[in-house]
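Student: I would like to go through this structure with you. Could we begin with the charged pairs?

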Amino acid sequence: MTTSFQQQTDKHKVFISFHHNDEDHRNEFEQQFGHLFISKAVQDGDIDPDNGAEYTSRLINDDYISDSSVVIALYGAETRKRKHVDWEISAGLSKKVGGHSGLIVIILPTFPVIPFDQYGNYKEEILYPHLHPRTAANIKSGYAKVYFWKCNYNLPPAELKDIIHEAHDRRISHKDFIDNSHPQYSNNLP
């Protein structure tokens, strides 16, 4: 018989990074899959919006990301323009901020392109210009993996719990693949 404590210890701590325009998707994602992980996501009201950018970044790093073993980046139409998403991914990849976190990229239905060529072949590189350079670099290197949630096209399905566990393991087995060399965004892109 599995106890509640055992079920908790089987779960990984996950930080969910997203653009505020995709908050409904984030909420639905947590509602549908939240029982599979321990959420370390920032909730409305957790951080005063009047705080300075440097202070906010430090709070997120110290109180949320440093305690997470996996970062899930939800990518919608405008995510690549958001500096905070880039900072959160950078912090998750940094050994200085609580050790490396695994990285999972989940494409939302609002993502601006469909990653298939004119022949219907999946082409991951079509995604890259619509991601932060840091995110694209870690997919290219093999450290991060891309998944699609509720999109009009589907890749072979995988269980989210298994995906999280694999990302957790990759932070050690694939740590040499981490590319955190891109400069952090200093501002949101227009």
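Tutor: Glu 23 forms a salt bridge with Arg 26, their closest N and O atoms lying 3.7 Å apart. A salt bridge here is a side-chain nitrogen of Lys or Arg within 4 Å of a carboxyl oxygen of Asp or Glu. Please note that this is a predicted model, in which local features need pLDDT of at least 70 and side-chain atom pairs count only at pLDDT 80 or more, whereas totals for chains, interfaces and linings use all residues. Residues are numbered from 1 along each chain as its sequence is written, and side-chain values use heavy atoms, with hydrogens and water left out.

Student: Where do Glu 23 and Arg 26 lie?

Tutor: Both are in helix H2, residues 23–33, three residues apart, or about one turn of the helix. Helices are DSSP runs of H or I with at least four residues, strands are runs of E with at least two, and both are numbered from the N terminus. An α-helix has 3.6 residues a turn, so residues three or four places apart point the same way.

Student: Is Arg 26 buried or exposed?

Tutor: Arg 26 counts as buried because its relative accessibility is 2%. Buried means under 20% relative accessible area, exposed means over 50%, and partly exposed is in between, with a 1.4 Å probe and protein chains only.

Student: How many salt bridges does the count come to?

Tutor: The count comes to seven salt bridges. One of them joins Lys 81 and Glu 78, with the closest N and O atoms 2.9 Å apart. Lys 81 counts as buried at 19% relative accessibility, whereas Glu 78 is partly exposed, with a relative accessible area of 31%.

Student: Which residue forms a salt bridge with Asp 86?

Tutor: Asp 86 pairs with Arg 134, the closest N and O atoms being 3.0 Å apart. This pair links distant parts of the chain, with Asp 86 in helix H4 and Arg 134 in helix H5 (residues 133–141), 48 residues apart. Both Asp 86 and Arg 134 are buried. Elsewhere, salt bridges that share partners join Glu 23, Arg 26 and Glu 30 into one network.

Student: At what angle do H4 and H5 pack?

Tutor: The angle is about 40°, and the axes are 9 Å apart. That makes H4 oblique to H5. Axes are lines fitted to C-alpha atoms, for helices over the stretch in contact, and angles run from 0 to 180 degrees between N-to-C directions. Angles under 35 degrees count as roughly parallel, over 145 as roughly antiparallel, 65 to 115 as roughly perpendicular and the rest as oblique.

Student: Which residues make that contact?

Tutor: H4 contributes Asp 86, Ile 89, Ser 90 and Leu 93, and H5 contributes Arg 134, Thr 135 and Asn 138. Contact means heavy atoms within 4.5 Å.

Student: And how much of H4 is covered?

Tutor: H4, residues 83–93, is mostly covered, with eleven of its eleven residues buried. Trp 87 and Gly 92 are among them. In H5, the buried residues are Arg 134, Thr 135, Ala 136, Ala 137, Asn 138 and Ile 139.

Student: What do the buried residues of H5 pack against?

Tutor: They pack against S3, H4, strand S4 (102–107) and strand S5 (145–148). Just after H5, Gly 142 takes a positive phi of about 95°.

Student: Changing topic, where does Ser 17 lie?

Tutor: Ser 17 lies in strand S1, residues 13–17, and counts as buried at 0% relative accessibility. Leaving aside neighbours within four places in sequence, Ser 17 is in contact with Val 71, Ile 72, Ala 73, Leu 74, Val 85 and Glu 88.

Student: And what is the place of Gly 76?

Tutor: Gly 76 is in the loop between strand S3 (70–75) and H4. Gly 76 also counts as buried, at 0% relative accessibility. The C-alpha atoms of Gly 76 and Phe 18 are separated by 8.1 Å, although the two are 58 residues apart along the chain.

Student: What does the secondary structure of the chain come to?

Tutor: It comes to six helices and five strands, running α-β-α-β-α-β-α-β-α-β-α from the N terminus on. Of the 190 residues in the chain, 47% are buried.
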